[in-house]
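Subject: Structure handover

Hello,

Here is the structure I promised to pass on. Please open it first, then read my notes below.

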Amino acid sequence: MSFFKRIGASLGLGAATVETVLNQNEYAPGDTVKGVVTVKGGTVDQQIEDIDLHLFTQYQVEKDDKRYYQTVKIGSYRITEGFQIATKEERRFPFSFVLPLDTPITFGKTKVWINTDVDIESGVDTQDNDAIRVVAHPYTAAVIEAVQDIGFRLYQADCEYAPRFQRRLPFVQEFEFVPTNSRFRGRLDEVEVICHPESDGIEVFIEIDRRARGLFGFLEEAAGMDESLVRVRFSKADLQAGRGHLSQQLEQIIRRFSR
């Protein structure tokens, strides 16, 4: 009987199982993620090579006028090295890791999840997936709120393939805003904002899409000259000076490039 049980376990039947339980399901980039991985033995003793947690998301790629989503690993974390799990035995492994600062927020279609991967010797590896909600880093939230304060509404956010930014990950998360007041409505189609929070401040890219006005405006739009990309960095002091201070600086930048 044990022979057939070993064969079954090697095929995934009666093998060890894994479950990951997080202390909470909502985090901001830079927060510490804590939880416990529980491994339960199956019908036979098995050798576990290691347990890893992988953090995943997806980003959009456009190729040949087609769009599709590509899965990307944001980070990997080794929970434990090899050990043997006996029949029906239960082992618990507490863990903690820091959510990377470039983790996208789960807004719109963006999803972030943790994959628990248990490598079983001579057997089928077992997996567990847990979705998490990622809210904006405080610095990113301050920028988004400031843009809204000066007369824009956030209507969409997505992760886009962007190798030109030469970041650690092959994508950036774009926050798209439309104007809601007379200062910018009629002058701008939209403003796209990309945020890269750091420990001592935040780097922000602002793409300002001017609305075509008159013949010259239409010629600009046709030539791709109706957009300006501005790079700016706000220090920790800028961010702590209050929403009014940040809003004023962002309004000056957007006004300058919306003429």
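Tyr59, Tyr161 and Phe171 form a cluster linked by ring pairs. Rings of Phe, Tyr and Trp (its six-membered ring) pair if their centres lie within 6.5 Å; planes under 30 degrees apart count as stacked, over 60 as edge-to-face and the rest as tilted.

Some ground rules. This is a predicted model, in which local features need pLDDT of at least 70, side-chain atom pairs count only at pLDDT 80 or more, and totals for chains, interfaces and linings use all residues. Residues are numbered from 1 along each chain as its sequence is written, and side-chain values use heavy atoms, with hydrogens and water left out.

**Aromatic pairs**

There are seven aromatic pairs in the structure. Take tyrosine 77 and phenylalanine 97: their ring centres are 4.0 Å apart and their planes are at 15°, so this pair is stacked. Tyrosine 77 sits in strand S5 (residues 66-80) and phenylalanine 97 in strand S7 (residues 90-98), so the pair ties together parts 20 residues apart in sequence. Strands (E, at least two residues) are DSSP runs, numbered from the N terminus. Both tyrosine 77 and phenylalanine 97 are buried. Buried means under 20% relative accessible area, exposed over 50%, and partly exposed in between (1.4 Å probe, protein chains only).

Phenylalanine 165 and phenylalanine 205 also pair. Their ring centres are 4.8 Å apart with planes at 80°, so the pair is edge-to-face. Phenylalanine 165 is in the loop between strand S10 (152-161) and strand S11 (171-179), while phenylalanine 205 is in strand S13 (residues 201-210), 40 residues apart. Phenylalanine 165 counts as buried because its relative accessibility is 14%. Phenylalanine 205 is buried too, at 10%.

S1 pairs with strand S3 (residues 32-40) over six bridges; two strands pair if DSSP finds at least two bridges between them. Threonine 17 faces lysine 40 in S3. Glutamate 19 is opposite threonine 38 in S3. S1 (residues 17-22) has Val18, Thr20 and Leu22 on its covered face, and Thr17, Glu19 and Val21 on the uncovered one.

Best wishes

Technical notes. Helices (H or I, at least four residues) and strands (E, at least two) are DSSP runs, numbered from the N terminus.
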